[in-house]
Amino acid sequence: MSAFTVMDPNGYDVAEGDRRVLRWTIYLGFAALTAGIFHGLANALSYAKIDIIGYFPGLKTYYQGLTAHGVANVLIFTFAFSNAFLPLMTGRSLGKPLIGGFLRATLLTLVAGNILVIYAVVSNQASVLYTAYAPLEAHWTFYAGLVLVVISTWLALAHMLVLLGRWRREHQGERIPLLAYISIVSWVMWFFASLPVAVSFLVFLLPWSLGLRKFVDPLLTRTLFWFTGHAIVYAWLLPAYVSWYALIPRQVDGRIISDQYARITFILFLLLSQPTGIHHQYTDPGITEGMKLVAGILTFGVFFPSLATAFSVMASLEIGGRRRGGRGLLGWIRTLPWGDPSVTAQLLAMLTFILGGATGLVNASFTMNQLIHNTTWIPGHFHMTVGSAVALTFIGIAYWLIPYLTGRKLWSRKLALASSWIYTIGLLIFARGMISAGLAGMPRRIYRARAAYDNPAWDLGGKLTGIGGSLMFTGILLFFVVIVLTAVAGKRGEAPLDIPVSETLTAPALTGWETRLDRIGIWVLVLVALCAIGYAPFFLTHAYQPMSPGFKGF
Ligand code: HAS
Ligand code: CU
C-alpha cells in the first residue's frame with residue numbers, strides 16, 4: 001500500500017493494487033476516446049468540404065476511419081469507463097472491499113477484445129461501422145473482439161452481484177443502499193440487452209466470417225443488432241445517471257430528493273430500454289407497421305424516466321444552489337460550484353442533453369423519422385446524447401476519480417474547465433450544423449469533401465459542423481492533456497480521500513411494496529414479458545432467409 005491510500009472518512013479503502021487496475025481500465029477508455037476523435041475531426045471537416053483524410057497515415061478508406069471512430073468512442077470508451085466506475089460505486093456503497101480477481105479479469109478480457117478489434121480495423125478488414133450487421137462482413141477478429149468486450153461487462157456485473165451477495169448475508173431485511181442499487185440495475189439492464197447481439201455475432205456473423213456459414217439473413221442480424229442497439233444507448237447513459245442522481249447532489253451541496261423515486265426510474269429503464277429497438281428500423285421492409293407502432297409507443301414510454309430524471313436532478317441542484325446562497329427563481333443556478341471542473345462538465349452535459357432528448361422525440365415519431373432517418377440529423381442527435389450527456393459526464397467524473405485513484409491533485413483546474421466549455425460550445429455549433437443540414441437531406445456517413453453529389457442547401461450546416469467539430473476535437477485533446485499530466489505530474493497527497501456519495505431527503509421504506517423494488521429478479525420477469533410483446537411478433541413470423549454472402553465494400 002502506498003503512502004496516499006489513507007482510509008477515507010467513511011472507512012472505505014481501495015487497495016493500491018486494485019486502484020491500479022481501476023486506473024488502467026479507465027485509461028484504456030480515455031485512450032480510446034482520444035484515438036477515436038481524430039477521425040471525428042476528419043468527418044466533421046469533410047462536411048465543410050475540407051479534406052484532411054489523406055494526412056492520416058495508414059488509413060485506406062473513409063469507412064475504415066468511421067468504423068474506428070464509432071467503435072472507439074461509443075463501444076470501447078463507454079464500456080471501459082463504466083466497467084471500472086460501477087463496481088467501484090457498488091463496493092463503496094455496500095462498504096465491501098473490491099475483489100481483485102474480478103477487476104483483473106474484467107480488464108484483461110477488455111484488453112484482449114481490444115487487441116482483436118484494433119487488429120481487424122487497422123488492417124482494414126472490418127469497415128462495417130459500429131452498427132455491425134450483414135451484409136457487410138468483417139474479419140472474424142472484429143466479432144470475436146467485440147464479444148470479449150461484452151464479456152468484460154458481464155464480468156463487471158458478476159463482480160457487483162458477488163459483492164451484493166456478501167452484503168446481503170450480513171444485512172438481511174435491509175434495503176440495498178441506493179448507489180449500489182442503481183449501479184447494479186444499470187448493468188443488469190445491459191446484461192439482458194447484450195444477449196441478442198451476442199446471438200447475432202456468435203451464431204451467425206462469426207461463423208459466417210470464418211467461412212463456416214455461407215449465407216446469413218440480413219434482416220435477422222439487423223433486428224438482433226437493434227434489439228440490443230437501443231438499450232445499448234442506456235447502457236452508456238445510466239452510469240452517467242448514477243453520477244447525476246447519487247454523486248452530483250453531494251458535489252453541489254444538495255440532496256437526492258427521493259430514494260424511492262430514483263429506484264423506480266432505474267427499474268423503468270430496466271423494463272423499457274430493450275423492447276423498443278425497432279424504432280431504428282422504421283424504414284425497414286419485412287417488419288409490419290403494427291410492430292413499428294408498438295416500438296413507437298414503448299419508445300415514448302422510455303422517454304418518461306429521463307423526464308423524471310431531469311426533474312429530480314434539477315431539484316437536487318436547486319437545493320444545492322439555495323444552500324449555497326442562491327435566491328429568487330433562478331439565482332440558485334449562479335451559485336452552483338461552476339469553478340469545480342467536475343461539476344461544470346456534468347452541468348454542461350445535462351444542459352446539452354435537454355436538446356439530445358428533444359431530438360430523440362422527433363426520431364421516435366414515425367412520420368417525422370421518415371424525414372430525418374439516415375441524414376446528418378441523426379449524428380446531430382447522438383452527439384448531444386452519447387457525445388455530451390455521457391462523454392462529458394465521464395470526463396466530469398474523471399476530474400475527481402483520477403485524483404482519487406492516483407492520490408494526485410488534478411493538474412490544472414483552469415484547463416479542465418476550459419476543456420469542457422470549448423467542447424460544449426463546439427458541440428452546440430456542430431449539432432446545429434448537422435441538424436439543419438440533415439433537415440435539408442444531407443446524408444450521414446458520407447465523405448462530403450469527395451462526394452460526387454452535393455446540394456448548396458447543405459453549405460451553412462456543413463460549415464457549422466466543421467467549425468463545431470474542430471472545437472470539440474480541441475476540447476477533448478485538452479482533457480487528455482489534463483488527465484495525462486494529472487496521472488504523471490499531479491501534486492501528490494492533495495487528492496480527495498472519498499467518493500462523493502450524496503444523502504437523500506427521504507430514506508427508503510422498510511416495509512410495504514417499495515421493498516419489492518430491491519427484488520431485481522421479479523422485474524426481470526416483467527422485462528421478459530415486455531420483450532415478448534415488442535419482439536415475439538417478429539421472431540415468430542419472420543421467414544428465415546439465409547441468402548446473403550459477405551460483402552466487403554470498402
Ligand atoms: Fe437516440 C438514434 C430515439 C436517447 C443515442 N440514438 C440514435 C443513435 C444513437 C443514439 C447513437 O426513436 C443512432 C444509431 C445509429 O447509428 O443509427 N434516443 C431516442 C429517444 C431518446 C434517445 C426517444 N439516444 C438517446 C441516448 C443516446 C442515444 C440517451 C446515447 C446515450 N434515437 C432515437 C431514435 C433513433 C435514435 C428513434 C433512430 C433514428 C433513426 O432513424 O435512425 C430518449 O431516451 C431521450 C430522453 C431524454 C430526455 C432529456 C432529459 C434531460 C435531462 C437533463 C436535465 C437537465 C438538467 C440541467 C437537470 C427526456 C435528464 C440543469 C442544469 C442547470 C445548470 C440548471
Ligand atoms: Cu434507439
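How far apart are the copper ion (ligand 2) and the iron atom of ligand 1? In this predicted model, the two metals are 4.4 Å apart.

**The copper site**

Three histidines supply the protein donors of the copper ion (ligand 2): His230 through ND1, His279 through NE2 and His280 through NE2. These donors lie 1.9 to 2.1 Å from the ion. Along the sequence, the donor residues follow the spacing H-x48-H-H. His230 sits in the loop between helix 6 (218-229) and helix 7 (231-246), while His279 belongs to the loop between helix 9 and helix 10 (289-323), so this pair ties together parts that are 49 residues apart in sequence. Are His230 and His279 buried or exposed? Both of them are buried.

**Backbone details in the loops**

A cis peptide bond links Ala134 to Pro135, with omega at about 10°. Pro135 is part of the loop between helix 3 (100-122) and helix 4 (140-170).

Asp253 and Arg445 each have a positive phi although neither is a glycine. Here they are side by side:

| Residue | Phi | Loop between | Relative accessibility |
|---|---|---|---|
| Asp253 | about 65° | helix 8 (248-251) and helix 9 (259-272) | 32% |
| Arg445 | about 55° | helix 16 (413-439) and helix 17 (459-489) | 21% |

Buried means under 20% relative accessible area and exposed means over 50%. Asp253, at 32%, therefore counts as partly exposed, and Arg445, at 21%, also counts as partly exposed.

Key. Residues are numbered from 1 along each chain as its sequence is written. Chains are lettered from A and ligands numbered from 1 in the order in which they are written. This is a predicted model: local features need pLDDT of at least 70, side-chain atom pairs count only at pLDDT 80 or more; totals for chains, interfaces and linings use all residues. Side-chain values use heavy atoms; hydrogens and water are left out. Helices (H or I, at least four residues) and strands (E, at least two) are DSSP runs, numbered from the N terminus. Buried means under 20% relative accessible area, exposed over 50%, partly exposed in between (1.4 Å probe, protein chains only). Donors are N, O and S atoms within 2.8 Å of the metal (3.2 Å for Na, K and Ca); water is not among the atoms, so sites may look incomplete.
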